[in-house]
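This briefing concerns a single predicted model. Please examine the sequence and the structure below, then proceed to the points grouped by topic.

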Amino acid sequence: MKKNLLIIASVLITTVAIAQSSSQTSKDVKMHQFVNGLLAKMTLEEKLGQLNLPASSDFVTGSVSSSDIAEKVKAGKVGGVFNIRSVTKIKELQQFAVNNTRLHIPLLFGMDVIHGYRTIFPIPLGMSATWDMQLVERSARIAASEASADGIQWTFSPMVDLTRDPRWGRVSEGNGEDAFLSSAIAKAMVHGYQGDDLAAPNTILSCVKHYALYGAAEGGRDYNTTDMSRVRMYNEYFPPYKAAVDAGVASVMVSFNEIDGVPASGNKWLVDDVLRKQWKFGGFVVSDYTGIPEMTNHGMGDFQTVNALSLNAGVDMDMVGEGFLTTLKKSMQEGKVTLAQINKACERILISKYELGLFDDPYRYCNEQRSATEVFTATNRAEARNIAAQSFVLLKNNNVLPIAAGKKIALVGPLANAKENMTGTWSVGADNTMSITLLKGLSDAIGTNGKVVYALGANLEDDVEMQKRQTMFGKDIARDGRTAAQLIQEAISVSADADVIVAALGEGAESSGESASKSNIDMPEAQKRLLKALVATGKPVVLVLFNGRPITLNWENENVPAILDVWFAGSEAGDAIADALLGKVNPSGKLSMSFPQNVGQIPLYYNHKNTGRPLTGKWFSKFQSNYIDVSNEPLYPFGYGLSYTKFEYGDIQLSAKQLKGNQKLTVSVNVKNTGTVAGKEVVQLYIRDEVGTITRPVQELKGFNKVELAAGESKNINFEITPELLKFYNSNLKYDWEAGDFQIMVGPNSRDVKTVKINWSK
Ligand code: BGC
């Protein structure tokens with residue numbers, strides 16, 4: 001009887017599966033018929049037009065039909081436009097395109113929706129510090145729903161460029177130094193943006209970027225050369241891009257940098273072989289902003305040559321360069337590219353438009369009603385406040401935080417009341433005048449139950465020019481013309497009868513982001529001077545650190561009793577920081593990037609190799625791999641972050657110590673909240689593959705679990721390890737695992753782990 005039921009159930013499941021896959025196929029057949037039918041009607045010029053992606057700047061303020069772009073649209077020379085921040089303008093331009101072009105093909109509207117659209121979440125580096133994939137996905141979901149309500153159908157996100165160099169400004173836009181964590185984030189973001197149905201009016205195309213290795217720019221200088229072994233690419237830098245592809249990302253943006261001597265924008269091995277053939281990516285590839293013509297500067301040939309190179313490499317869409325539009329016909333006539341290649345690129349873009357449902361309804365994403373009611377809503381802002389608070393990393397706390405009720409707080413520093421800076425870099429859709437400052441957030445939260453007094457204390461930088469560079473794009477922080485000494489004096493007297501001083505210091509919003517590399521990542525001198533004076537008062541000082549990258553904090557760590565890293569937390573920053581300072585939220589973020597002691601240690605990352613002469617004893621040891629003047633340790637390691645409570649880790653329990661073949665290993669550890677308040681802990685699992693046919697890292701993150709524990713509560717946290725997790729690319733780029741001894745490590749960060757050993761045979 002049971003057996004019969006089982007058979008019936010399995011028949012039913014198979015029938016449903018067949019029905020689903022056949023409806024999928026018939027949908028696909030319909031789509032391909034439609035797209036091929038359209039292609040057959042298109043002229044070569046119209047096809048090249050689809051590959052052209054200009055920026056919006058020339059008509060955002062004027063009327064669409066009189067703009068430069070209108071002429072091009074009318075002539076069928078535009079496939080999409082990006083960074084228009086107005087549903088009305090988008091609708092107008094879409095109508096213009098549909099009504100005035102021969103084949104009525106709708107435009108694709110893109111934007112850099114990087115960490116939220118109007119409701120802004122923490123910068124991606126901060127989001128990654130949540131280690132909470134549900135929250136990450138949720139932030140992308142809200143971003144997609146707000147952006148799509150405003151006419152946007154495509155975001156240039158997520159950026160998953162792995163990086164080990166905090167001098168590089170774009171670390172703020174990525175997920176830090178680890179491939180495993182970044183891959184999980186890539187997957188969550190793609191799903192958050194795209195949902196399960198691209199044609200739904202509140203989902204948008206995602207674009208993973210910048211493929212590839214952009215984060216490995218030499219010296220941390222933006223756009224600089226990258227050069228690395230294939231083994232390193234495949235094992236360390238590629239996985240997050242691949243994770244996005246596996247998650248079904250609709251588009252990929254190639255990077256500015258070169259790889260093996262060929263810029264990504266024209267690198268056939270990278271795009272055609274790896275991305276399309278090895279990873280089976282089926283969507284379209286877009287260049288970065290003028291990335292194609294920039295290949296001329298790289299020394300790859302003249303304008304026509306580099307455009308042909310790019311199409312030949314497999315790039316489908318040309319962002320801003322306009323060379324696909326203007327040179328590919330000639331290249332085709334000269335036999336340098338083929339019509340089949342142009343058809344293919346055009347087909348891929350048309351398919352994306354089809355999948356978005358634009359051929360059914362070009363105005364699907366132009367709903368003024370939605371724009372008016374679904375953007376920057378109280379609900380979205382409340383979620384953003386909650387998410388922001390989860391991204392904060394408590395770097396140090398000598399019993400100063402949380403600040404008890406009824407206290408008098410002196411809030412000091414150039415970032416305490418800097419509204420425009422709260423959203424951080426790359427917040428194109430934001431209305432920065434709506435951001436909540438820390439002064440407002442803290443004052444509102446304290447109300448009459450205590451007091452907040454405020455002083456500026458210092459300019460962001462002593463040097464006017466340096467300040468300007470870090471506060472571009474409307475992120476101004478007004479300068480105070482008084483001398484540094486006068487500003488500090490005012491701060492000291494304002495703090496005179498305060499119980500605690502909160503110093504809101506760090507970087508300006510544009511100190512990180514694109515083309516914002518730094519050779520010195522210390523706290524700016526003007527602010528450090530202030531901080532020293534505040535600490536010298538002998539009052540408890542909390543450093544609330546605003547930063548888009550790891551910064552060097554040796555003095556601060558030595559001398560300031562509490563440090564809370566709040567990154568750039570978004571439009572709701574001020575409320576969220578107040579929640580954390582006052583203990584309404586217990587900080588639970590963990591670093592996704594090591595904080596070095598000094599820039600000379602860079603690149604500094606937890607999953608390094610052992611070398612033939614590892615430092616075995618104490619620093620300094622002659623003829624071992626270390627420095628004379630600084631230890632090998634980071635100031636704060638990867639995975640690090642404190643809480644207002646304490647967590648105690650039990651010993652690691654294993655389901656077996658000897659495993660074979662495809663068995664599964666269960667790793668369990670008991671984690672107990674031994675403090676007096678509830679808190680969340682990110683329990684981290686690392687492994688070390690002790691012997692390999694190529695050298696293996698001393699540690700690799702292979703699992704994490706963010707768990708909430710009430711005071712006194714304990715939970716068993718389980719991780720499962722299968723051989724799949726042990727795989728890596730060997731010297732022949734074969735992806736497999738190798739038998740042998742492994743260390744299994746569990747802990748609250750990459751440094752403070754407990755370790756056991758196992759053996760896994762084939
Ligand atoms: C950046 C990309 C961005 C593009 C469009 C480029 O400069 O590198 O990340 O998506 O501009 O704004």
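Beyond its neighbours within four places in sequence, T471 is in contact (heavy atoms within 4.5 Å) with N421, L460, D476, I477 and E510. The model is predicted: local features need pLDDT of at least 70, side-chain atom pairs count only at pLDDT 80 or more, and totals for chains, interfaces and linings use all residues. Residues are numbered from 1 along each chain as its sequence is written, and side-chain values use heavy atoms, with hydrogens and water left out.

**Two threonines in loops**

- T471 belongs to the loop between α18 (464–469) and α19 (484–495); helices (H or I, at least four residues) and strands (E, at least two) are DSSP runs, numbered from the N terminus.
- With a relative accessible area of 6%, T471 is buried; buried means under 20% relative accessible area, exposed over 50%, and partly exposed in between (1.4 Å probe, protein chains only).
- A polar atom of the T471 side chain lies 2.7 Å from the backbone oxygen of Q467.
- T645 is placed in the loop between α22 (573–581) and β17 (647–649), and it counts as buried because its relative accessibility is 6%.
- The side chains of T645 and N673 make a polar contact at 2.5 Å; such a contact is a pair of N or O atoms within 3.5 Å, where within protein one must be able to donate a hydrogen and the other to accept it, and residues adjacent in sequence count only if both atoms are side-chain atoms.
- Not counting residues up to four places away in sequence, T645 touches N586, N673, G675, T676, V677 and G679.

**Ligand surroundings**

- The ligand is surrounded by 14 residues, of which D112, R170, K209, H210 and D288 are the closest; a residue is near a molecule if one of its heavy atoms lies within 4 Å of it.
- By class, this shell holds seven nonpolar, two polar and five charged residues, with Ala, Val, Leu, Ile, Met, Phe, Trp, Tyr, Cys and Pro counted as nonpolar, Asp, Glu, Lys and Arg as charged, and the others, Gly among them, as polar.
- An N or O atom in the side chain of D112 is 2.4 Å from an oxygen atom of the ligand.
- For D288, an N or O atom of the side chain is 2.6 Å from a ligand oxygen, and a polar side-chain atom of H210 lies 2.7 Å from an oxygen atom of the ligand.
- Of the 310 Å² of accessible area that the ligand has on its own, the protein covers 95%; accessible areas come from the Shrake-Rupley method with a 1.4 Å probe, and for residues only the protein chains shown count as cover.

**Domains**

- The protein is divided into domain 1 (49–371), domain 2 (382–592) and domain 3 (647–761), with bounds from an automatic or database domain assignment.
- The C-alpha centres of domain 1 and domain 3 lie 36 Å apart, and their contact takes twelve residues from domain 1 and 14 residues from domain 3.

**Backbone geometry**

- Most residues other than glycine have a negative phi, and most peptide bonds are trans.
- The peptide bond from S157 to P158 is cis, with omega near 10 degrees, and the bond from L401 to P402 is cis, with omega near -5 degrees.
- W426, a residue other than glycine, has a positive phi near 50 degrees and counts as partly exposed at 21% relative accessibility.
- F623 has a positive phi of about 65 degrees although it is not a glycine, and F623 counts as exposed at 62% relative accessibility.
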